[in-house]
Amino acid sequence: MKGAQQTTLRDAVAITGVGVHSGKPVTLTLNPADDDAGIVFQRVSADGSIEREIRADVRAVTATELATVLGDASGPLCSTAEHLLAALRGLNVDNVVIEIDGPEVPIMDGSAAPFVDALDQAGLTSRALPRKYIEVLKTIRVASGEALGELRPYNHGFRVEADIEFKHPLIGKQSMALDIEPVSFRRDIARARTFGFMKDVSKLWSAGFALGASFDNTLVISDDRVLNPEGLRYPDEFVRHKILDAIGDLALSGHPMLAAYKTVRGGHKLNHAVLSALMEDTSAWRVVEAKPETKPAAEPARRIRGHAEVAPALAAAAYGPDVS
Ligand SMILES: [Zn+2]
């Protein structure tokens, strides 16, 4: 019953790139970690010594403007973590220690695909303890102007439903909904890039953001066309990237979620607000463990709505046929 135990990396793997906001080079190294370690960021100095350590957690979010920033009382530790977090969650990596030698996770090509490649290079291995999940027990909704974010109970794993609407001929209204597991994440979400409007770039630059942004890491749109020479990777790449961001932001729950998340015109700020509202209402969620292997996979009880335990088949589905 693959997939019901916690996973980590088989080997360490290093990634080098630039921060999209700082424009500065940064190296991060993904390392294997023990059961129940979660996703841990370590800021390391030039000589490799550990300066600070933060567990990726909703309480560690210190800013959500343009990117999700993780830090603590002594200040921010790293920003733009969401695409890396999405790759970790999308591929079902439970435990990892991420060493980073700068203030920003490298933007790479603006998607999660380079992190997926790195994780594939490192390989995954299952550990002894069962995977833990955050099971959402009741609906949590946050509305802000025309934006809406909603987490609700969902018995079949983790699902994201996204609607976006931009008054732009290339984007307009886009909707997508899918169950997130490694096959669908790799195929439908991982390659969708960050996007931005050319007219906003000068504003970002004057505010000290996006100094590393280029056609190599951002889908840039003018009034009527995509400026990147290679064009779009998916016809609806924009809504797919919104789903990618939501997966990364919700990874800060600390465990994979058993929930459906709906986002309408949302972004990092809304994702963070919904997850914070969920965490604050301790009657709205609980931590459950994947069942031990001794249970027969075809046990009919697992189909009962609201059943307290996570059936092995649910976790194992990550390796099964794609049904999205
Ligand atoms: Zn993003």
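**Terms set against values**

Colleague: Why does L178 count as buried?

Modeller: L178 has 20 C-beta neighbours inside 10 Å, so it counts as buried. The cut-offs, with C-beta atoms placed from the backbone, are 20 or more other C-beta atoms within 10 Å for buried, 12 or fewer for exposed, and anything in between for partly exposed. L178 sits in strand 15 (residues 172–179). Its C-alpha atom is 9.8 Å from that of I189, which is 11 residues away along the chain.

Colleague: What are the ground rules for the model?

Modeller: The model is predicted: local features need pLDDT of at least 70, side-chain atom pairs count only at pLDDT 80 or more, and totals for chains, interfaces and linings use all residues. Numbering starts from 1 along each chain as its sequence is written.

Colleague: How many helices and strands does the protein chain have?

Modeller: The protein chain has seven helices and 19 strands. These are DSSP runs numbered from the N terminus: H or I of at least four residues for helices, E of at least two for strands. Of the 324 residues, 43% are buried.

Colleague: Is T80 buried or exposed, and what makes it so?

Modeller: T80 has 24 other C-beta atoms within 10 Å, so it is buried. T80 belongs to the loop between strand 8 (75–79) and helix 1. Its phi is positive, about 60 degrees, although T80 is not a glycine.

Colleague: Why is R265 called partly exposed?

Modeller: R265 has 17 C-beta neighbours inside 10 Å, so it counts as partly exposed. R265 is not a glycine either, yet its phi is positive, near 55 degrees. The loop that holds R265 runs between strand 18 (257–264) and helix 6 (268–280).

Colleague: Why are helix 1 and helix 5 called roughly perpendicular?

Modeller: Helix 1 (residues 82–90) and helix 5 (residues 237–250) pack at about 80 degrees, their axes 7 Å apart. Angles from 65 to 115 degrees count as roughly perpendicular, under 35 as roughly parallel, over 145 as roughly antiparallel, and the rest as oblique. Helix 1 and helix 5 are therefore roughly perpendicular to each other. Axes here are lines fitted to C-alpha atoms, for helices over the stretch in contact, and angles run from 0 to 180 degrees between N-to-C directions.

Colleague: Which residues make that contact?

Modeller: Helix 1 contributes E82, H83, L85, A86, R89 and G90, and helix 5 contributes L244, D245, I247, G248 and D249. They divide into four nonpolar, three polar and four charged. Contact means C-beta atoms, placed from the backbone, within 7 Å. Nonpolar covers Ala, Val, Leu, Ile, Met, Phe, Trp, Tyr, Cys and Pro; charged covers Asp, Glu, Lys and Arg; the others, Gly among them, are polar.

Colleague: Which hand has the crossing of helix 5 and helix 6?

Modeller: The crossing is right-handed. The axes come within 9 Å and cross at roughly 40 degrees. D245, A246, D249 and L250 of helix 5 meet H268, N271, H272 and L275 of helix 6. This contact divides into three nonpolar, three polar and two charged residues.

Colleague: How do you know that strand 4 and strand 9 pair?

Modeller: Five bridges join strand 4 (residues 39–44) to strand 9 (residues 96–100), and the two run parallel. DSSP has to find at least two bridges for a pair. V40 has V97 as its bridge partner in strand 9.

Colleague: What makes the pairing of the five-strand sheet mixed?

Modeller: The sheet is open, with order 2-3-9-4-5 and mixed pairing. Strand 4 and strand 9 run parallel, whereas strand 3 (residues 25–32) is joined to strand 9 antiparallel, over five bridges. Strand 4 and strand 5 (residues 50–55) are also antiparallel, with five bridges. F41 stands opposite I54 of strand 5, and T29 is partnered with E99 of strand 9.

Terms used. Contact = placed C-beta atoms within 7 Å. Left-handed = near helix turned anticlockwise from the far one by under 90°.
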